[in-house]
Amino acid sequence: MIWIGKTLVSHGEGGVYGEKLLGEYRIWDPHRSKFAALYYLGSAPELAHDMRVLYLGAANGTTVSHVADYVECVYAIEMAPRPMQDLLAVARRRDNIIPIMADARRVESFAFLLETVDLIYQDIAQPDQVAIAIRNSVFLRSGGVMIIVLKTRSISVAEDPRVILRRAEGELADAGFCISRSVWLDPYHQDHAVLICSRGPE
Amino acid sequence: MQSYWFGDVDENGCTPAPPEMSFLVARLESLRTVQERFIPFTWDPAGISGLCWTRAEYIARLRNLCFFLAELGIAQNYEARDAELLQMIRTLDELDDMVNNLTERTVEWYRVKNPDFSRKYLHLSRNRLMKLMKKDEGPAFRQIIEELERIWAVREAVTAEISSRAETVMPNCSALLGGLVASRLVSSAGGLGVLARLPGSSIQVLGSRTALYSHIRGGTPPPKHGIIFQHRRVHNATKATRGRVARVLAAKLAIAARIDYYRQERDAAFIAEAQSAIDSAGDLR
């Protein structure tokens, strides 16, 4: 990862969403992007230039653009038409983003477009988001890493976020994942936990 | 054999699909349903046997296809019959906010100019209030009042158009609830398709977010109605029957939304039956 002083940046064409620039580097704001917050908290795996990434819940493509600055290619899945329009505009100017309009829940509807990837990053607001991540893990190469941003408020507003996190950890462990870290994104994002896991030995 | 977007791969190598966009799209449609025991494609540094593509070429072709599919998907989504209705109803809500805020502010302004003015006991309707304030001499003030009247005229035009469009997009819901409130319901649900999949109990409390969450979290009494309160049969019902009317109305709306979405026609027999059920729910037993 590229740090200028204590600021996380990425190297690429600016002007995607009005982000500030430091020279020719784009500042990656941890308050806006949960992925960036993860690096500020010192717990995300390094992105490398030969990595292939599956990004579930690409939304408007702001975080996707930063990830694309670091890696070889990003498969960006988004379902809703409105953010998809923005994502297409971002992807038009970055030739390593592959925008796919599909429901991440229905893997069979886009599986033939994908390839095995080194990293899966999931940031979707669905109550069954852990199950969705597990379903998409077929694309993860052995030894690959899956990062799940757990939106506890989208899973249940009534339950204690810590209970939801523990249950998600259980579900992932049952599916054969080995959780290397789980962190809360405080103070950058509230009630968001991040699970970093990889496929354990079969 | 495994099928991917670029072709079929088996032990003998890859049988490429014809590269024309129309063939590719039609092929993907057929792939959507098959594919059991799927093995994801893994890029081989030597390329795909049977195709001599470099990695850059592979990505470029795939991107080309994905852009085409995404643009197609977006267009299809916006073509849905309720897409424009949603924007219209949200625009109307913005207009209402604007008119209300501006009216409130101009009345405050008017009070300062006329220390003896009070709205108490005057029963001033919107129109009469406007007429009164129009007599004021300040040029900027007059201009604002005129502007407010113009915005109001726009608001009326939008309302009329929403009602008539709702009649065609969802004839059954509109018959039960009126075009405007029915549109609000669709807007709150996020689309007619979503509304058609909601149970009656959810439709009943659509739009009562605060009350519903304080009920779930804090155990306050559950809300009896959300948006459907705006319908006269709910808000005119006596306090004792209001919950029942709301429940019956919501249950009938759930059916009406499904007829509107899936069958897309007006069902007069259903409407008559539903109307009488809702009416009788309001009778004190």
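Q: What makes α3(A) and α2(B) roughly antiparallel to each other?
A: Let's start with the angle. In this predicted model, helix α3 (residues 81-92) of chain A packs against helix α2 (residues 55-79) of chain B at an angle of about 150 degrees. Angles over 145 degrees count as roughly antiparallel, so α3(A) and α2(B) get that label. Their axes lie 10 Å apart, and α3(A) passes α2(B) in a left-handed crossing.

Q: Which residues make that contact?
A: On the α3(A) side you'll find Pro81(A), Met84(A), Gln85(A) and Leu88(A). On the α2(B) side there are Phe67(B), Ala70(B), Gly73(B), Ile74(B), Asn77(B) and Tyr78(B). Sorted by kind, they come out as seven nonpolar, three polar and no charged.

Q: How many residues does each chain bring to the contact between the chains?
A: Chain A brings 23 residues and chain B brings 26. Within chain A, α3 and β7 (97-101) each supply at least two residues of the side that touches chain B. That side of chain A divides into 16 nonpolar, four polar and three charged residues.

Q: What makes α12(B) and α13(B) roughly antiparallel to each other?
A: Helix α12 (residues 239-263) of chain B and helix α13 (residues 268-282) of chain B cross at roughly 170 degrees, and their axes come within 8 Å. With the cut-off at over 145 degrees, α12(B) and α13(B) are therefore roughly antiparallel. Their crossing is right-handed. From α12(B), the residues in contact include Val245(B), Val248(B) and Leu249(B), while those from α13(B) include Phe270(B), Ala274(B) and Ile278(B).

Q: What makes the peptide bond from Asp186(A) to Pro187(A) cis?
A: Its omega is near 0 degrees. You can find Pro187(A) in the loop between β10 (177-184) and β11 (192-199) of chain A.

Q: What is the phi of Ala59(A)?
A: Ala59(A) has a positive phi of about 50 degrees, although it is not a glycine. Ala59(A) sits in the loop between β5 (52-56) and α2 (62-70) of chain A.

Q: What is the mean pLDDT of each chain?
A: For chain A the mean pLDDT is 93, with 99% of its residues at 70 or more. For chain B the mean is 88, and 98% of its residues reach 70 or more. Among the elements of chain A, β5(A) has the highest mean pLDDT (97) and helix α5 (residues 152-155) the lowest (91). The model as a whole scores ipTM 0.92 and pTM 0.75.

Notes: Residues numbered from 1 in each chain as written. Chains lettered and ligands numbered in written order. Predicted model: local features only at pLDDT ≥ 70, side-chain atom pairs only at ≥ 80, totals over all residues. Axes fitted to C-alpha atoms, helices over the stretch in contact; angles between N-to-C directions. Helix = DSSP H or I, 4+ residues; strand = E, 2+ residues; numbered from the N terminus. Parallel < 35°, antiparallel > 145°, perpendicular 65-115°, else oblique. Left-handed = near helix turned anticlockwise from the far one by under 90°. Contact = placed C-beta atoms within 7 Å. Nonpolar A, V, L, I, M, F, W, Y, C, P; charged D, E, K, R; others polar. pLDDT = per-residue confidence, 0-100.
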